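Colleague: I would like to learn how to read a structure like this one. Please take me through it feature by feature.

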Amino acid sequence: MTTPTPGSASQPAAESAAGQAAGHGPQYVYGVTRSGAALPADVAGLEDRPVRLVDGGGGCAAIVSDLPGNRPLGERADLVAHQRVLNALVEAGTVVLPFRFGSALTDTTAVEKELLADNTARFAEALDRLEGRVELRLKATYVQETVLREIMDAEPEIAELARRLREVPPDIADAVYYDRVRLGELIAQAVTRRRETDGQVLLEAAAPAAEAVSPKPPVREEDVLDASFLVTADRRAEFERVVEELGRTHADRIRLRLIGPLPPYDFVPEV
Amino acid sequence: MTGPVAQQTSGSNYVQRGGSGSSLADVVDLILEKGLVIDLYARVSLVGIEILTVDVRIVIASVDTYLRFAEAVNRLDIAHDGTSQGLPQVLDGMQESGAKKKTKGALEGASERLKETFGDSGDDEDSEKEEQSSRRRSRRKEDE
């Protein structure tokens, strides 16, 4: 990862050059930014189509490309393209209002009129609120071995069941299938109980350095926390230090992963 | 603690970093479920998106998760079965004997699996089929 170098991609030439061939037919919308924002020169959209800005005249512009017409959208490459375009702006320090995957309008005129002109005030306000801020996502996961030992140590019922099952010879393991399921279920419940406390500890420690927080329900049993934070540029180093410190403190039992900077997907205004 | 070390963004021993170019698995739920939704007359409806969203939400069936835990606990015990130590002693021993290395391996295994589920290898269909058949297997076992 390199530090974004401001000014390295400030030629809107690509926009007009591509504008000739592109722009007819359905338009895929990646997000909205400010009029005149510099699009990174080499960023490619869906199926490597050129990405353009469509200006709505009210200070906001949509980031669009032609929509590939002959197939349903949603392949892995499509998702990657959506993310790549938005990330290119984030990397360049340009404020962007990310759209959910799969937003497309009938043509460029619809983008100008229906999308931009009709929503200028709303978009401008949202961009103001996101200016100079990035999303950082913190995922925390238990070190499985450590937390399993904690549970075996603290919960005799589980430890006893595990001991009994371990003595079952492999050739009749099928006979205790339901006991193994039961053991796993008890462990899963024990992990979940621990997560409530541990997740809260992490969240409360990281939140003060952020402007807003969006916690997500953990997906897997061993997940401790999954939360996105909206962080201002001037406090990003501080936020990362806090996370680093959390990682150090809990290193023996919790692994932290910090993802981003990301487009502020979690902090767009409600429609 | 001096100097430019703090500026480093490539992660540390304690926090793994996924930069903005991070893997799809790290952000796929955001792309599909967050972000601004436009609801306009001129909107082109794109076939396939709703289905895709549902697919991504597939969570491994509980029974499989439980069996995975049971297996992990089993492995945990076997690893230290040679000595007839009680659990607290085993715990002490663990901390000295490079527990970090082992747990790191286990964690990487888990994230590999996640990547498969989310098709990080670009091989979506295969991993989906795999997941389905493993679910079928466990269902069969239940029926026995």
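Predicted model: local features only at pLDDT ≥ 70, side-chain atom pairs only at ≥ 80, totals over all residues.

Colleague: How many residues of domain 1 of chain A are in contact with domain 2 of chain A?

Modeller: Two residues are in contact if their C-beta atoms, placed from the backbone, lie within 7 Å. By that rule, seven residues of domain 1 of chain A touch six residues of domain 2 of chain A. Helix H2 (residues 76-91) of chain A gives the most to the domain 1 side, with three residues. Helices (H or I, at least four residues) and strands (E, at least two) are DSSP runs, numbered from the N terminus.

Colleague: Which classes of residue does that side of domain 1 of chain A have?

Modeller: Ala, Val, Leu, Ile, Met, Phe, Trp, Tyr, Cys and Pro count as nonpolar, Asp, Glu, Lys and Arg as charged, and the others, Gly among them, as polar. The side of domain 1 of chain A that touches domain 2 of chain A has five nonpolar, two polar and no charged residues.

Colleague: How is a nonpolar core read, and which residues have the most contacts inside the largest one?

Modeller: In soluble globular proteins, nonpolar side chains tend to be buried together. A residue is buried if 20 or more other C-beta atoms lie within 10 Å of its own, exposed if 12 or fewer, and partly exposed in between, with C-beta atoms placed from the backbone. A nonpolar core is a set of buried Ala, Val, Leu, Ile, Met, Phe, Trp, Tyr and Cys residues joined through C-beta atoms within 7 Å. The largest one here has 90 residues, and A:Val29, A:Ala62, A:Val111, A:Leu138 and A:Ile187 have the most contacts inside it. Helix H7 (residues 177-206) of chain A gives the most to this core, with eight residues. Each of domain 1 (13-131) and domain 2 (135-267) of chain A supplies at least three residues to this core.

Colleague: What is A:Leu138 in contact with?

Modeller: Leaving aside neighbours within four places in sequence, the contacts of A:Leu138 include A:Ala206, A:Leu225, A:Phe229 and A:Leu258.

Colleague: Which residues of helix H3 of chain A are buried?

Modeller: In H3 (residues 108-116) of chain A, the buried residues are A:Thr108, A:Ala110, A:Val111, A:Leu115 and A:Leu116. They are on the same side of H3(A), because they cover an arc of only 145° around the axis. The arc is that of the directions from the helix axis to the C-beta atoms. Among the elements that the buried residues of H3(A) pack against are strand E1 (27-34), strand E3 (60-66) and helix H4 (120-130) of chain A.

Colleague: Which residues of H4(A) are buried, and which exposed residues does the opposite face carry?

Modeller: A:Phe123, A:Ala126 and A:Leu130 are buried in H4(A). These buried residues fall within an arc of 65° seen down the axis, so they line one face of H4(A). The face turned away from them carries the exposed residues A:Ala121, A:Glu125 and A:Asp128. The cover over the buried residues of H4(A) includes E1, E3, strand E4 (97-98) and strand E6 (133-142) of chain A. After H4(A) comes A:Gly132, with a positive phi near 75°.

Colleague: Is A:Pro264 buried or exposed?

Modeller: A:Pro264 is buried, with 30 C-beta neighbours inside 10 Å. A:Pro264 lies in the segment after E9 of chain A, and its contacts beyond four places in sequence include A:Pro98, A:Leu130 and A:Leu230.

Colleague: Where is A:Asp48 found, and is A:Asp48 exposed or buried?

Modeller: A:Asp48 is in the loop between E1 and E2 of chain A. A:Asp48 is exposed, with 10 other C-beta atoms within 10 Å. Phi of A:Asp48 is near 60°, a positive value in a residue other than glycine.

Conventions:
Residues numbered from 1 in each chain as written. Chains lettered and ligands numbered in written order. Domains from an automatic or database assignment.
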